[in-house]
Amino acid sequence: MNIKQIEDKYFMHTYKRNNLVVKKAKNQFVWDENDKKYLDFFAGISVCNVGHCNETIIKAAKKQLDNFAHVSNLYYAPPQVELGEKLAKRTFKGGRIFLSNSGAEANECAIKLARKWGFLNPSKTGNRYEIICFDNSFHGRTMATISATGQKNFHEYLKPLQEKFVFAKINNIDSVKELINDMTVAVMIEPVQGEGGIVPSDKKFLKELRALCNKNNLLLIFDEIQCGIGRTGKFYAFENYGVKPDIVTLAKSLANGLPLGAAIAGKKCAETFVYGDHGSTFGGNPVSCAAALAVLNIMNSKFLNHSLQTAKYLRAKLENLKKKYSIVKDVRGLGLMIGIKLTVNGKDIVGYCMDKGLIINCTQDTVLRLLPPLVIVKKDVDFAIKILEEALKWQLTM
Ligand SMILES: Cc1ncc(COP(=O)(O)O)c(C=O)c1O
């Protein structure tokens with residue numbers, strides 16, 4: 001049996017894999033088992049933001065691996081504490097952090113924290129636990145985070161879901177206002193929806209959301225698991241908006257490919273948990289934390305500005321494709337988080353690009369999702385645009 005047949009036989013059928021067996025990856029490139037080279041415009045769903053196999057990161061992780069890989073959170077691990085201090089300080093004055101392994105777990109932490117905070121800060125009628133989320137959002141695959149996800153197809157067969165997640169419409173402040181009641185404790189939103197089709201929040205909407213949370217004493221939770229860590233040209237997507245949350249969650253690119261997540265709470269709710277309220281055996285793994293410290297060092301303003309310049313160049317070329325091809329309905333996003341909304345299903349275009357050596361993704365059936373490593377250069381953009389244009393032309397002949 002070959003690798004595809006073995007996977008098919010022994011794995012639960014949870015992933016519909018593309019026809020690509022990866023042999024190695026470096027910076028913005030991936031090679032398959034036959035040494036065919038691909039330009040990666042997906043970065044493992046916005047995970048390898050500083051590029052595959054970045055040498056600084058490998059060195060930091062290896063060094064930590066030589067010292068120790070795990071000691072349990074019952075003891076102090078220096079890279080973990082150093083990372084926690086850096087991230088907490090960078091995010092909030094008086095903030096506190098919890099480190100997890102994944103995005104779903106980071107959001108679980110945020111949800112649990114909000115629920116406890118609602119218990120400690122009740123309304124006149126009792127403790128508060130209802131969380132307002134958004135249609136088309138995606139927050140993870142655990143039972144709580146899937147219940148917070150505003151897409152019905154993820155809920156099939158899983159009912160009863162976790163209770164008291166209700167759904168408003170992104171960029172529609174009235175839909176949020178209508179849902180607020182005595183039981184509401186928090187609003188949870190991706191500043192730029194990823195899986196939901198690359199949908200950025202409007203600046204006015206996020207500002208109104210912040211004001212609404214302040215007025216009603218609600219926690220504002222930003223899920224920056226996909227849109228954070230440089231993806232939009234700023235370290236946090238919320239820096240594009242001038243709006244700060246009370247809790248922000250990170251994962252994916254935090255350790256550039258090693259598993260790590262974080263929930264960071266601001267002053268309003270940072271003291272909510274006490275010893276024993278939350279935990280994880282592997283959360284904040286020292287090797288992942290050493291890698292994340294290297295990510296923070298690499299991701300300085302020069303690095304981010306480079307990604308913004310490339311994003312500008314790419315957006316202009318994509319707008320050009322939109323003018324030329326009627327099946328391109330919209331080009332949207334922030335920084336190097338870009339969605340191309342089509343009038344047709346994008347599946348075949350993804351396949352065409354893959355054949356030609358370009359890795360992209362499609363979400364919500366009709367939105368091509370581009371999440372390249374932030375290290376791509378103009379030459380890569382030119383290659384990607386050439387293949388995309390060919391793919392659009394080919395699609396029109398179908
Ligand atoms: C916005 C957002 N939140 C949460 C998650 C869940 O992260 P993980 O798969 O690491 O659990 C994802 C994953 O795609 C995501 O995009």
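Mentor: Helices (H or I, at least four residues) and strands (E, at least two) are DSSP runs, numbered from the N terminus. The model is predicted, and local features need pLDDT of at least 70, side-chain atom pairs count only at pLDDT 80 or more, and totals for chains, interfaces and linings use all residues. Residue numbers start from 1 along each chain as its sequence is written.

Trainee: Which strands are the edge strands of the open sheet of four strands?

Mentor: Two strands pair if DSSP finds at least two bridges between them. In this open sheet the order is S13-S14-S17-S16, with antiparallel pairing. Two strands pair on one side only, and these edge strands are S13 (328-334) and S16 (361-363).

Trainee: By what average angle are neighbouring strands of this sheet turned against each other?

Mentor: Axes are lines fitted to C-alpha atoms, for helices over the stretch in contact, and angles run from 0 to 180 degrees between N-to-C directions. For the neighbouring strands here direction is ignored, and the average is 25°.

Trainee: Are H4 and H9 roughly parallel or oblique to each other?

Mentor: The axes of H4 (residues 78-91) and H9 (residues 286-298) come within 8 Å and cross at roughly 40°. Angles under 35 degrees count as roughly parallel, over 145 as roughly antiparallel, 65 to 115 as roughly perpendicular and the rest as oblique. The relation of H4 to H9 is therefore oblique.

Trainee: Is the crossing in which H10 passes H12 left-handed or right-handed?

Mentor: H10 and H12 (residues 378-397) pack at about 20°, with axes 10 Å apart, and are therefore roughly parallel. A crossing is left-handed if the near helix is turned anticlockwise from the far one by less than a right angle, and right-handed if clockwise. The crossing of H10 past H12 is right-handed.
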